[in-house]
Amino acid sequence: AGLDPDDKALIARRTAAMGPAYRLFYEEPLHIVRGDGVWLWDKHGKKYLDAYNNVASVGHSHPKVVEAITGQIGVLNTHTRYLHDGVVNYAERLLATMPDALGHMMFTCTGSEANDIALRIARNFTRRQGIIVTRLAYHGVTEAVSELSPSLGEFGRSSARIRMMDAPDPHHVAPQDQAARFAADLAQAIAEMRADGIEPAALIVDTVFSSDGLYPDPAGFLKPAVDLIRAEGGIFIADEVQAGFARTGDAFWGFQRHGLVPDMATMGKPMGNGFPVAGVAMRPELIKEFGEKARYFNTFGGNPVAAAAGMSVLDVIEEEALQSNSLQLGAMLKDGLNDIAHRHDVIGDVRGAGLFLAVDCIDGNDSNAALAGAVVNHLRQNGVLISATGPHGNILKIRPPLVLQPSEAELFLDAVDAAFTATKAV
Ligand code: PMP
């Protein structure tokens, strides 16, 4: 294979026009022109099984979502300063998926903005500044939330008002000890913060710890930490950008797997199946004073087209029973990956919740990022798309659209097995 001259030229133009901060996936970057369900096609007509994109969660180009967006944009697209049924219906419908305590829903365009407004509300409500995040968290890109995104590396800003704590660690902590350990780590982070004269306003976590390396289990382990942050006068923000909208199969929201009611829940990515829709649900008292003294207007957030897109995604999840599909197909993938792990001693832990799975690539007791990279690129050459993540870059990240079917799951597993067979010398 190898890149053709046109794509080489496009890469050069892209760098010239868009600058150096963007990255392309894969040693041989992919030039995709079309998508349908779990499938993507490149410009040569080659087909790829997409096992990575959690944005097009109900499937690429889902006709119902396309119709909702095009239908609404052909009629009206304004913003939240006019009355419109669509956005109110959508807010009510989202709140109906949540615990009763979360009574207001505010809309943004991105997960970063959702976390940004959540932070403003949390700091305003608590009259405190301190935020605790996990060591390799990712919560977005604005100036304020980049402080909460240590996974951005040295250019992710850090400041005294942010404390990092360890993510759950199944490799060194037994499942039954995970809850107490996480709470003890939080207690330490709070104590360190206070030693610097900063009071904790909030604990914010991605409820499946995606960028930390995917640590969803044991479901429920978050509870004591959430009790603790509240006992210390702070609030708990569940970042549902990754775990929400039925991804884990066990529940519609990641916090529900942990038996929790957060003070705020932020969401985005799969919410509009690719159309920019994001937002935050919250306990009404958190925004009461803020709402009296300030106003919130986000030009594109919660516009009628966004609401139509979001509503259609909820319809599809329900009509196509995608939460139970995620649970069933997730279990099938996990079983299959465990079988493959028995055949390849370079595979360590296999874990996941629903259609969000992780596979550790190892070399004895060490992590093996080179192998993970080789497997990811081998799969790409063979028409299957995944990526790698985690502190050492050795964790395969598998996250197909929720519409994955058993035949496609089998195809995926065969490709993974073949990729490990072909690359295990790396
Ligand atoms: N929170 C989490 C957990 C995320 O994974 C992301 C996106 N990767 C964000 C927030 C930020 O969302 P966005 O890119 O829409 O700003």
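A residue is called buried here if 20 or more other C-beta atoms lie within 10 Å of its own, exposed if 12 or fewer, and partly exposed in between, with C-beta atoms placed from the backbone. Keep that rule at hand as you click along.

What you have open is a predicted model, in which local features need pLDDT of at least 70 and side-chain atom pairs count only at pLDDT 80 or more, while totals for chains, interfaces and linings use all residues. Residues are numbered from 1 along each chain as its sequence is written.

**Colour by confidence**

Start with pLDDT, the predictor's confidence in each residue, from 0 to 100. The chain has a mean pLDDT of 96, and 98% of its residues reach 70 or more. For the complex, the predictor gives an ipTM of 0.99 and a pTM of 0.97.

**Colour by domain**

Next, select 5-58 + 321-423 as domain 1 and 63-319 as domain 2; such bounds come from an automatic or database domain assignment. Their C-alpha centres lie 25 Å apart. The contact between them takes 24 residues from domain 1 and 26 residues from domain 2, where two residues are in contact if their C-beta atoms, placed from the backbone, lie within 7 Å.

Which element gives the most to the side of domain 1 that touches domain 2? Select α11 (322-343): this helix gives 5 residues. Helices (H or I, at least four residues) and strands (E, at least two) are DSSP runs, numbered from the N terminus. That side of domain 1 divides into 12 nonpolar, 9 polar and 3 charged residues. In this count Ala, Val, Leu, Ile, Met, Phe, Trp, Tyr, Cys and Pro are nonpolar, Asp, Glu, Lys and Arg are charged, and the others, Gly among them, are polar.

**Into the core**

Now show A265, A309, V375 and L396, the residues with the most contacts inside the largest nonpolar core, which has 125 residues. Such a core is a set of buried Ala, Val, Leu, Ile, Met, Phe, Trp, Tyr and Cys residues joined through C-beta atoms within 7 Å. Helix α10 (residues 304-319) supplies its largest share, 9 residues. Both domain 1 and domain 2 contribute at least three residues each to this core. Zoom in on A309: beyond its neighbours within four places in sequence, A309 is in contact with V65, A68, I69, G272, N273, F275 and V277.

**Around the ligand**

Centre on the ligand. Of the 15 residues around the ligand, T110, G111, S112, G140 and V241 come nearest; a residue belongs here if its C-beta atom, placed from the backbone, lies within 6 Å. Helix α4 (residues 111-126) gives the largest share of this shell, 3 residues. The shell divides into 4 nonpolar, 9 polar and 2 charged residues.

**Backbone stops**

Most residues other than glycine have a negative phi, and most peptide bonds are trans. Select K269, in the loop between β9 (264-267) and β10 (278-282), where phi is near 25 degrees. Is K269 buried or exposed? K269 counts as buried because it has 23 C-beta neighbours inside 10 Å.

Then pick S61, in the loop between β3 (47-50) and α2 (63-73), with phi near 50 degrees. S61 has 14 C-beta neighbours inside 10 Å, so it counts as partly exposed.

Finish at P218, in the loop between β7 (200-206) and α7 (223-231). The peptide bond from D217 to P218 is cis, with omega near -5 degrees.
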